[in-house]
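Please walk through this protein model with the coordinates open.

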Amino acid sequence: MMRTGVAGHVILAICALVQAGVPAAAQAPATTASTPAPPLPTAAFAQLPFAENTELSPDGTHMAGLFAVRGEQRIGILPVLGDQSKSVIIAVPDQTEIDWLTWVNDEHLLVGLRALMPVEADNWYVTRIIAIDRASGKITRLLWDLKGQNASDVVWLPKDGSSEILVAGQDSIYDNADFWPAVYRIDVKTGRKKTELRSRTGVMDWGADHLGRVRYGIGYRDDTTRATLLYRSAGEGAFRSIERASLRDDERLTVPILFVDGTDNGLVYKDRDDGKTAIAEVNLATGAEVRTVVAPDAGDILGAIRAPDGSRLLGVHVADDLKPVRWLDPAMAAHQDTLDATARAARVRIDSYSRDLKKMLVRISTPDNPGLLYYYDSTTGDLSRLAAMNERIGAKRLSRAKLVRYKARDGLEIEGVLTMPRGRAATNLPFIVLPHGGPWGQDELTYDYWAQFLAERGYAVLQPNFRGSTGYGAEFEKAGEGQLGFAMQDDVTDGVRWAVTEKIADPKRVCIVGASYGGYAAMWGIAKDPDQYRCAISIAGVANLRREVNDFGGTLRANLYRTQWKRMTPDFAAVSPINAIDRIKTPLLLIHGKKDVTVDHSQSARMYAAMTKAGRTVDFVSLPLADHYFTREADRLMLLQSIESFLAKYNPAD
């Protein structure tokens with residue numbers, strides 16, 4: 001059966017405009033070493049950040065992003081300076097997550113939407129795009145007449161102010177010619193489309209150069225997990241196969257990040273001998289490497305930063321807390337130096353910039369403060385404060401955090417973030433270990449509202465980057481293979497034991513808390529090491545790994561993802577918390593939102609039922625309107641209040 005009703009599930013309603021003005025940061029009250037400031041209320045930490053995913057318009061006059069409006073996130077377009085009553089604020093669709101936002105030109109914003117929807121007795125992730133007119137707030141649905149699963153792959157955006165874009169989309173969920181995406185040229189003003197490139201059997205991804213010429217395609221077969229790179233020198237003529245890779249064996253295609261104008265050369269990610277990533281220029285037609293473009297001495301490359309017109313590389317994001325961005329462009333490097341000089345004790349991050357690289361949105365923050373959002377005009381040198389990211393915290397300095405390193409039991413060095421509660425002696429503290437989600441992720445030395453909330457309540461907090469975490473190179477990430485539930489979990493436990501040895505943590509007052517994969521680690525931690533923890537809190541956690549690894553939302557690469565997950569542990573059932581309840585003797589709190597489209601609510605519901613049946617101590621807070629990220633302030637407040645009450649009962653700080 002064709003799924004023609006997808007569009008009807010994703011309807012946006014225009015909400016009231018955000019009130020004029022932006023919140024100013026509260027000033028921290030004067031304190032002394034002997035009279036620390038009183039603890040902040042829970043509601044202060046539950047406040048949604050002023051804005052997330054901010055994007056400056058190409059002309060530098062407006063910013064778009066996800067803004068906090070009356071306790072909920074809204075898609076917003078606001079004048080950077082001037083009359084805020086001319087803002088456009090639009091509700092995020094129910095049961096939908098925002099994947100990304102980007103400007104087409106000065107007048108139109110694109111928003112990528114993702115929803116988990118029932119398709120033929122299964123749940124599939126479905127993606128679509130809307131365009132929003134900055135002046136009128138008019139919403140135009142793009143490719144919503146297509147009947148396939150995904151229609152949100154933006155292949156190219158114009159940089160001359162025009163309104164036609166290239167998007168790849170599927171027109172069927174069945175194995176026929178229309179299943180494979182074609183490339184469409186779409187006018188974002190009207191939504192009208194025409195076919196730019198017909199679909200090709202086996203090719204799921206298309207890519208274009210900065211001039212809008214489709215130059216490559218990526219073929220893939222899930223039964224063999226083999227991928228093929230197709231290429232043509234210009235935007236015309238036939239494609240030819242230039243490279244093959246076995247994704248199951250971790251081989252990687254040299255897919256171009258961008259093209260070198262007038263040549264067959266492109267910039268690609270390359271694996272270095274030390275397991276880190278570099279960016280190199282290669283001849284795509286021959287495969288010959290021309291030069292290494294950038295290979296940072298410290299940290300691993302996390303992503304490329306391209307010029308607004310897509311024609312050149314501006315810099316790279318690097319897993320290095322001291323210098324997280326390496327600017328290659330002299331102008332951007334100079335801007336960064338100028339901004340760094342204004343706040344030497346803080347992290348200054350350029351979030352977005354205009355097409356001429358002269359105007360930018362800048363975030364200045366520290367690990368103990370959520371920070372401020374600024375607008376920088378390099379032509380005048382003006383740095384204008386727009387808002388505090390959390391007006392209830394304002395400029396207050398909270399608990400200090402630092403990077404620490406410890407040895408796992410097999411000698412592997414693990415890095416983590418340690419946050420020490422302000423106003424308390426630094427020894428024999430009640431302790432929380434807070435493993436991150438993913439598990440492919442990394443906790444950095446930046447503001448974390450969960451860690452700061454827990455520290456404000458008197459707990460020392462350790463966020464360990466256990467083996468398998470990203471940002472430390474391929475070797476460290478591969479060290480997690482086969483170790484999910486084993487050495488990956490031991491790395492968390494060894495962090496607790498390190499803190500006890502260092503006399504930071506009181507061994508009798510340790511709790512494990514986590515969300516998503518971290519929620520799994522919290523549940524598995526009290527099963528694997530039942531005497532280690534006094535309590536555990538799982539937020540949107542995975543209790544049954546077998547169910548989780550077989551649910552990929554109908555993705556084409558389901559077999560590949562399933563294979564990759566199977567390499568993480570030899571026996572899913574053996575390391576699933578729901579199968580180890582007989583070993584659990586620690587009180588457990590489960591928190592889960594019913595509108596979570598990342599980890600199904602039933603994961604926590606079934607764990608609660610099994611724990612209750614076995615007579616174990618368990619509480620379950622089910623939030624009917626909460627999503628995976630708790631993007632409603634009311635849900636975030638309930639989350640923190642539930643954590644606070646549970647800890648006060650089972651692992652009090654005093």
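What follows is a short tour of selected strands, helices and ring pairs. The model is a predicted one.

Start at strand E11, residues 182-187. This strand is mostly covered, with 6 of its 6 residues buried. In a regular strand, side chains alternate between the two faces of the sheet. In E11, both faces are covered. Ala182, Tyr184 and Ile186 are buried on one side. Val183, Arg185 and Asp187 are buried on the other.

Now look at the partners of E11. Strand E10, residues 164-169, pairs with E11 in the antiparallel sense over 6 bridges. Here leucine 166 stands opposite arginine 185 of E11. Strand E12, residues 193-197, also pairs with E11 in the antiparallel sense, over 4 bridges. Across this pairing, valine 183 stands opposite leucine 197 in E12. E11 and E12 form a hairpin, with 5 residues between them. Glycine 191 lies in the turn and has a positive phi of about 85°.

Another helix deserves a look. H10 covers residues 633-650, 18 residues in total. From first C-alpha to last, H10 reaches 26 Å, close to the 26 Å expected at 1.5 Å a residue. Its buried residues include Leu639, Leu640, Ile643, Phe646 and Leu647.

Turn to the rings. The whole structure holds 13 aromatic pairs. In one of them, the ring centres of tyrosine 216 and phenylalanine 259 are 6.3 Å apart. Their planes meet at 35°, so the pair is tilted. The pair links distant parts of the chain: tyrosine 216 is in strand E14 (residues 214-221), and phenylalanine 259 is in strand E17 (residues 258-259), 43 residues apart. Are tyrosine 216 and phenylalanine 259 buried or exposed? Both are buried. Phenylalanine 259 has a further contact: the charged end of arginine 215 sits over its ring, 4.3 Å from the centre.

A second tilted pair joins phenylalanine 466 and tyrosine 517, at 5.6 Å centre to centre and 45° between the planes. Phenylalanine 466 lies in the loop between strand E31 (460-465) and helix H4 (474-478), while tyrosine 517 is in helix H6 (residues 517-528). The pair therefore ties together parts that are 51 residues apart in sequence. Phenylalanine 466 is buried, at a relative accessible area of 1%. Tyrosine 517 is buried as well, at 6%. Ring pairs also bring in Tyr520, forming a cluster with Phe466 and Tyr517.

One last stop is arginine 114. Its charged end sits over the ring of tyrosine 125, 4.7 Å from the centre.

How values were computed. Residues numbered from 1 in each chain as written. Predicted model: local features only at pLDDT ≥ 70, side-chain atom pairs only at ≥ 80, totals over all residues. Heavy atoms only, no water. Helix = DSSP H or I, 4+ residues; strand = E, 2+ residues; numbered from the N terminus. Expected span 1.5 Å × (residues − 1). Buried < 20%, exposed > 50% of the residue type's maximum accessible area, 1.4 Å probe, protein only. Phe/Tyr/Trp six-rings, centres within 6.5 Å; stacked < 30°, edge-to-face > 60°. Lys NZ or Arg CZ within 6 Å of the ring centre and 35° of its normal. Pairing = 2+ DSSP bridges.
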